[in-house]
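Hi,

Here is the structure I promised to pass on to you. Have a look at it first, and then read my notes below.

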Amino acid sequence: MRYAQGGGLTDAGRAARERIRLQAVERFESGEKNREIAAALRVSERSVERWRRQWRERGEAGVLSKGSPGRSRLSEKQIARLERELERGPLVHGWADQRWTLARVKTLIGRLFHVSYTVEGTWRLLKRHGWSWQQPARRAIERDDAAVERWRKETWPLVRAPRRPATAGWSSRTRPGSR
């Protein structure tokens, strides 16, 4: 199941859902039907069917929470070391410039801890520990920052479309004077 903004359930949320599943188990044991259980616990019948199947196959252990799916493969000590290494900068670790990219951080994690992350997994790990953004791996060699800034200040205001007036609009597709 996916949750908004890429988040998951907190430990308290997981515990609350587990309590609901355990209530369902009590009702399974007393012989209630899926529809009745779903209505009483305010969940879908499909969920109750799935819980009942897991309960039949593995007993109460089948409906218990399996914990957070996104546990880090690095310990707190390793994460602290990673943060120290990131603060030292990419030059210290053999890259030609001072930009950390996800690919570089992924490589650094592999070198330091012999743990393989995907680029996306690296981003999740960094985000979870307060790192907020990355710089692109490449930048156009011919880019002239001074020219870009001059264009933005001088040319863009001239070519930018003026804002619409703050008057009442017209809902018809034809103009008012064309009738």
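Confidence in this predicted model is highest in helix α2, with a mean pLDDT of 94, and lowest in helix α6 (residues 119–128), where the mean is 86. Over residues 1–6 the pLDDT is below 50, and this stretch makes four contacts in the model beyond near neighbours in sequence. For the protein, the mean pLDDT is 83, and 82% of the residues reach 70 or more.

Two helix pairs may interest you. Helix α1 (residues 11–29) and helix α2 (residues 34–41) have axes that come within 10 Å and cross at roughly 145°. Their crossing is right-handed. On the α1 side, I20, Q23, A24, R27 and F28 take part, and they meet N34, I37, A40 and L41 of α2. By type, the residues of this contact are six nonpolar, two polar and one charged.

The other pair is helix α4 (residues 76–88) with helix α5 (residues 102–113): the axes come within 11 Å, and the crossing angle is roughly 125°. The two helices are therefore oblique to each other. Here too you will find a right-handed crossing, as α4 passes α5. The residues that meet are Q78, R81, L82, E85 and L86 from α4, and V105, L108, I109, L112 and F113 from α5. Seven of the residues in this contact are nonpolar, one is polar and two are charged.

Best wishes

Conventions
Residues numbered from 1 in each chain as written. Predicted model: local features only at pLDDT ≥ 70, side-chain atom pairs only at ≥ 80, totals over all residues. Heavy atoms only, no water. Axes fitted to C-alpha atoms, helices over the stretch in contact; angles between N-to-C directions. Helix = DSSP H or I, 4+ residues; strand = E, 2+ residues; numbered from the N terminus. Parallel < 35°, antiparallel > 145°, perpendicular 65-115°, else oblique. Left-handed = near helix turned anticlockwise from the far one by under 90°. Contact = heavy atoms within 4.5 Å. Nonpolar A, V, L, I, M, F, W, Y, C, P; charged D, E, K, R; others polar. pLDDT = per-residue confidence, 0-100.
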